[in-house]
Amino acid sequence: MRQLHPEAIAAIQSKALFSKAEEQLLSKVGSTSQPTLETFQDLLHRHPDAFYLARTAKALQAHWQLMKQYYLLEDQTVQPLPKGDQVLNFSDAEDLIDDSKLKDMRDEVLEHELTVADRRQKREIRQLEQELHKWQVLVDSITGMSSPDFDNQTLAVLRGRMVRYLMRSREITLGRATKDNQIDVDLSLEGPAWKISRKQGVIKLKNNGDFFIANEGRRPIYIDGRPVLCGSKWRLSNNSVVEIASLRFVFLINQDLIALIRAEAAKITPQ
């Protein structure tokens, strides 16, 4: 370990799992507050014995955001399952299988159709790869616990469990992409999206630097547990939890870039 580069040592130590004592201290930070790096730095100073020696304020902030996303903070309660939606378990699905239809018979017609479909899908994939540079919203895979780093083009990030969407234009649409319906943020990349409308909502950045989400779908959108019904809109804050049909995201704002936008807007606005 002593022969390793300090950055390599820091990268290894940053992957240490959080203890129950650490998560208990983080859970006391309110879900409705807007904690900054200074908040978590103060937490490190007040409890030096509880936190692992390699913990940083940025690492605490990232883990707190994850705990908030999964309703693990002290002032949060887990939302109940919606009534009326039957959850099909494995045993129920197994009972519905007809064993007589499971015979292993070769179907040449089916194999030909599958081959044609495979060629068509590969052609569509190549076409999509050629159009990647035109996308307004970039999608990144999340492979670790590191928080997203903003660049000078990313206004905000909609971070999920599997992917994160980088907002690089002042207005983006959310929903479920189909062959005939192209949108900016395809929520089906995060998980099951069959309950989500093709155009579920719009996130817009106002000239004053405030973000708003408008619901244009049939199902409500939950912002920090509050339902936003169809035709309504709600202001998004940094660290807001956005829940759409059981898919949960954290909305993160590039504070530095938004501060510049607000400063420019103040110069243009007449006194």
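These legends describe close-up views of charged side chains in a predicted model. Residues are numbered from 1 along each chain as its sequence is written, and side-chain values use heavy atoms, without hydrogens or water. Local features need pLDDT of at least 70 and side-chain atom pairs count only at pLDDT 80 or more, while totals for chains, interfaces and linings use all residues.

**View 1. Lysine 199 and glutamate 216 form a salt bridge.** The N to O distance is 3.3 Å; a salt bridge is a side-chain nitrogen of Lys or Arg within 4 Å of a carboxyl oxygen of Asp or Glu. Lysine 199 lies in the loop between strands S5 (185–186) and S6 (201–205) and glutamate 216 in the loop between S7 (211–215) and S8 (221–223), so the pair ties together parts 17 residues apart in sequence. Strands (E, at least two residues) and helices (H or I, at least four) are DSSP runs, numbered from the N terminus. Lysine 199 is partly exposed at 39% relative accessibility, and glutamate 216 is partly exposed at 40%.

**View 2. Aspartate 210 pairs with arginine 262 in a salt bridge.** Their closest N and O atoms are 3.0 Å apart. Aspartate 210 sits in the loop between S6 and S7 and arginine 262 in helix H7 (residues 255–268), so the bridge ties together parts 52 residues apart in sequence. Aspartate 210 is buried at 16% relative accessibility, whereas arginine 262 is partly exposed at 37%. Buried means under 20% relative accessible area, exposed over 50%, and partly exposed in between (1.4 Å probe, protein chains only). Salt bridges with shared partners join Asp210, Arg235 and Arg262 into one network.

**View 3. Glutamate 243 and arginine 248 meet in a salt bridge.** The N to O distance is 3.7 Å. Glutamate 243 is buried at 11% relative accessibility.
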